[in-house]
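I opened this entry to keep track of what I looked up in the structure. The coordinates go in first, then my notes.

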Amino acid sequence: MTYNFDPDKWYADEYFLIHSKLNTSEITQNEYDEAVEILDKKLEEMWKRLDGTYQINNGN
């Protein structure tokens with residue numbers, strides 16, 4: 001199975017949406033800052049899940 005998900009592209013798209021909301025006054029600066037902080041954490045967690053090698057559990 002091929003997995004073509006690009007976390008950096010996902011981040012850029014999500015960041016663009018958040019920034020656009022700030023530019024159109026849909027969200028405040030504080031809401032923007034919080035949203036970007038959450039987005040950064042999601043990206044970090046995503047990379048932790050994607051970074052590594054596949055391992056087979058020999059116990060089963």
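I started with Glu37, which forms a salt bridge with Lys41, the closest N and O atoms being 3.5 Å apart. The model I am reading is predicted. I placed both residues in helix H2, where Glu37 and Lys41 are four residues apart, about one turn of the helix. I then checked accessibility: Glu37 is partly exposed at 44%, and Lys41 is partly exposed at 46%.

I next asked how many salt bridges a search of the whole structure finds. The search returns three.

I looked up Glu44, which pairs with Lys48, again with 3.5 Å between the closest N and O atoms. Glu44 and Lys48 are separated by about one helical turn because they sit four residues apart in helix H2. Glu44 is partly exposed, with a relative accessible area of 47%, while Lys48 is exposed at 59%. The cut-off for exposed is over 50%, so a value in between that and the buried limit counts as partly exposed.

I found Lys9 in a salt bridge with Asp13, where the closest N and O atoms are 2.8 Å apart. This pair is in helix H1, and four residues of separation put Lys9 and Asp13 about one helical turn apart. Lys9 comes out as partly exposed at 47% relative accessibility. Asp13 is also partly exposed, at 36%.

The spacing of these pairs made me note the helix geometry. An α-helix has 3.6 residues a turn, so residues three or four places apart point the same way.

I went back to H2 as a whole. H2 runs over residues 29–50. Its 22 residues reach 31 Å from the first C-alpha to the last, close to the 32 Å expected at 1.5 Å a residue.

Which residues of H2 are buried? I listed Tyr32, Val36, Leu39, Leu43 and Met46. These residues cover an arc of only 85 degrees around the axis, which puts them on the same side of H2. I looked for what they pack against and found helix H1 (7–23). On the other side of H2, I noted Asn30, Glu34, Lys48 and Arg49 as exposed.

Last, I checked the surface for nonpolar residues. Phe5, Trp47 and Leu50 form a nonpolar patch there, with about 270 Å² of accessible area together. Trp47 lies in H2 and is partly exposed, with a relative accessible area of 37%.

Key. Residues are numbered from 1 along each chain as its sequence is written. This is a predicted model: local features need pLDDT of at least 70, side-chain atom pairs count only at pLDDT 80 or more; totals for chains, interfaces and linings use all residues. Side-chain values use heavy atoms; hydrogens and water are left out. Patches are made of residues with over 30% relative accessible area and no salt bridge: like charges are joined within 9 Å, nonpolar side chains (Val, Leu, Ile, Met, Phe, Trp, Tyr) within 5 Å. Accessible areas come from the Shrake-Rupley method with a 1.4 Å probe; for residues, only the protein chains shown count as cover. A salt bridge is a side-chain nitrogen of Lys or Arg within 4 Å of a carboxyl oxygen of Asp or Glu. Helices (H or I, at least four residues) and strands (E, at least two) are DSSP runs, numbered from the N terminus. Buried means under 20% relative accessible area, exposed over 50%, partly exposed in between (1.4 Å probe, protein chains only). The expected span of a helix is 1.5 Å times one less than its number of residues. The arc is that of the directions from the helix axis to the C-beta atoms. Contact means heavy atoms within 4.5 Å.
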